[in-house]
Amino acid sequence: MHQIRLRAAIFAACFSLFTFATSATAGGPPRPPSAAIKAENARWADAFARGDYEAIGRLYTKDGSLLPPGGDRITGARAIAEYFTKGYAGSQPGTVSFSNYEFYGNDQMVTEVSDAEVRDHDGKLQIRGKQILIFLKQGGVWKLHRDLWNDYGPVKSD
């Protein structure tokens with residue numbers, strides 16, 4: 001009798017564990033790691049504010065690409081750093097901020113749709129745009145793989 005109770009208890013414990021595990025994973029596809037991607041955006045914004053375009057280049061995958069409006073594809077960390085260096089030559093670093101996030105993906109690849117604002121060093125709005133970013137996880141680190149953006153139109157003077 002003791003063995004029957006022991007087996008019944010083990011069966012009940014296993015069944016409960018199985019039921020819990022099934023319900024925990026049955027909630028649909030995994031949610032993308034939005035906090036981790038927002039942290040990468042913060043690293044990008046911090047490097048931009050310092051004018052450290054080499055650091056920006058390092059945030060991209062080896063074959064990461066910028067897809068700028070009206071321009072050619074820019075591929076690779078060095079080319080990405082050069083793009084920003086040339087684009088902001090002679091100006092003091094400004095700031096960039098991101099908002100209105102949407103995230104799609106999983107723990108290996110995430111697509112972000114968001115808005116961005118670029119301000120000059122005096123805080124004046126220079127660019128207000130929208131972007132699609134694709135992040136890949138490589139070696140446990142999130143990296144930008146594709147960076148596509150365009151603006152909402154001319155910024156109105158204050």
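Leaving aside neighbours within four places in sequence, S65 is in contact (heavy atoms within 4.5 Å) with R73, I74, T75, I80, H145, R146 and D147. The model is a predicted one, in which local features need pLDDT of at least 70 and side-chain atom pairs count only at pLDDT 80 or more, while totals for chains, interfaces and linings use all residues. Residues are numbered from 1 along each chain as its sequence is written, and side-chain values use heavy atoms, with hydrogens and water left out.

S65 belongs to strand β1 (residues 60-67); helices (H or I, at least four residues) and strands (E, at least two) are DSSP runs, numbered from the N terminus. With a relative accessible area of 1%, S65 is buried, where buried means under 20% relative accessible area and exposed over 50%, with a 1.4 Å probe and protein chains only. The side chains of S65 and T75 are joined by a polar contact of 2.8 Å, that is, a pair of N or O atoms within 3.5 Å, one able to donate a hydrogen and the other to accept it; residues adjacent in sequence count only if both atoms are side-chain atoms.
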